[in-house]
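User: I am new to this structure and would like a close look at one part of it. Please keep the answer plain and connected.

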Amino acid sequence: YITAEDVGTTEEDMEIVRTETKHVTGVSKKHGGSGNPSPVTAYGTYIGIKASAKYKLNVSTLSGLKIIVQGVGSVGMHLVEHLCNDGADVYINDIDKEKADSISKKYNVNIINTEDLYNFNADIYAPCALGATVNDMTIDKFRCSIIAGAANNILLDPDKHGMELMRKNILFAPDYVINAGGLINVANEIDGYDESKVKNKTEKIYDTLLNIYKISESHEISTSEASSKL
């Protein structure tokens with residue numbers, strides 16, 4: 001097992017782990033690593049959102065689309081930057097008010113209160129905090145067309161909620177596909193880090209998601225189930 005950063009850990013933490021075991025990635029570049037994988041996770045998520053928008057909404061740009069980013073931590077804040085640069089109308093939510101205020105001012109985006117989060121009339125909901133935000137209590141509140149974000153385990157029950165989203169005509173990007181950029185990044189350290197290779201592999205998330213969506217539609221199965229068939 002080779003570990004790396006996840007929620008609440010940093011490359012400094014990985015440096016400490018490295019003093020005890022060689023089975024660690026995501027260490028600083030000065031030690032031959034790739035550093036914090038969050039920017040690559042965010043980039044891959046952005047690429048995945050573009051693929052989802054292309055498939056569901058038939059648009060090649062995110063310009064003018066209303067996108068909610070829930071959680072503006074290490075990944076979410078980088079995703080906000082990509083979305084804003086692409087012209088999206090971005091709304092953010094975070095339990096850390098100071099962090100939300102900071103990101104709001106930096107990128108000139110609006111903040112949504114948690115009580116309004118799930119029933120907000122947006123095109124895309126991008127969860128980038130903790131998982132299971134799609135559950136029995138929230139699933140009937142969503143008014144978006146697409147759920148695509150970097151959080152792990154977005155669906156509390158993948159089988160049940162994956163099919164419910166399909167019946168509600170909401171396109172779901174399987175989280176372990178769309179957030180794979182960070183894993184691609186740290187895995188590349190093992191044989192010698194190459195930033196250009198990482199970027200090329202991360203951009204393949206676009207085509208991978210399109211294939212999943214096509215399988216889902218043609219077999220009339222959820223995208224969660226379709227992703228396991230690739």
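Is Val24 buried or exposed, and what is its relative accessible area? Please go on from there to the packing of helices H2 and H3.

Analyst: This is a predicted model, in which local features need pLDDT of at least 70 and side-chain atom pairs count only at pLDDT 80 or more, while totals for chains, interfaces and linings use all residues. Residues are numbered from 1 along each chain as its sequence is written, and side-chain values use heavy atoms, with hydrogens and water left out.

Val24 is buried, at a relative accessible area of 8%; buried means under 20%, exposed over 50%, and partly exposed in between, with a 1.4 Å probe and protein chains only. Val24 belongs to the loop between helix H1 (11-18) and H2. Helices here are DSSP runs of H or I with at least four residues, numbered from the N terminus. Not counting residues up to four places away in sequence, Val24 touches Ile2, Thr3, Met14, Val17 and Arg18, where contact means heavy atoms within 4.5 Å. From Val24 to Lys160 there are 136 residues in sequence, and their C-alpha atoms are 35 Å apart.

Helix H2 covers residues 38-57 and helix H3 residues 76-85; their axes come within 8 Å and cross at roughly 40°. Axes are lines fitted to C-alpha atoms over the stretch in contact, and angles run from 0 to 180 degrees between N-to-C directions. H2 and H3 are therefore oblique to each other, because angles under 35 degrees count as roughly parallel, over 145 as roughly antiparallel, 65 to 115 as roughly perpendicular and the rest as oblique. On the H2 side, Pro39, Ala42, Tyr43, Thr45, Tyr46 and Ile49 meet His78, Leu79, His82 and Leu83 of H3. By class, this contact has 7 nonpolar, 3 polar and no charged residues. Nonpolar covers Ala, Val, Leu, Ile, Met, Phe, Trp, Tyr, Cys and Pro, charged covers Asp, Glu, Lys and Arg, and the others, Gly among them, are polar.

Leu83, in helix H3, is buried at 0% relative accessibility. Leaving aside neighbours within four places in sequence, Leu83 is in contact with Tyr46, Ile49, Leu62, Ile67, Val69, Ala88 and Val90. Asp96 is 13 residues from Leu83 along the chain, and their C-alpha atoms are separated by 21 Å.

Definitions and conventions
Helix = DSSP H or I, 4+ residues; strand = E, 2+ residues; numbered from the N terminus.
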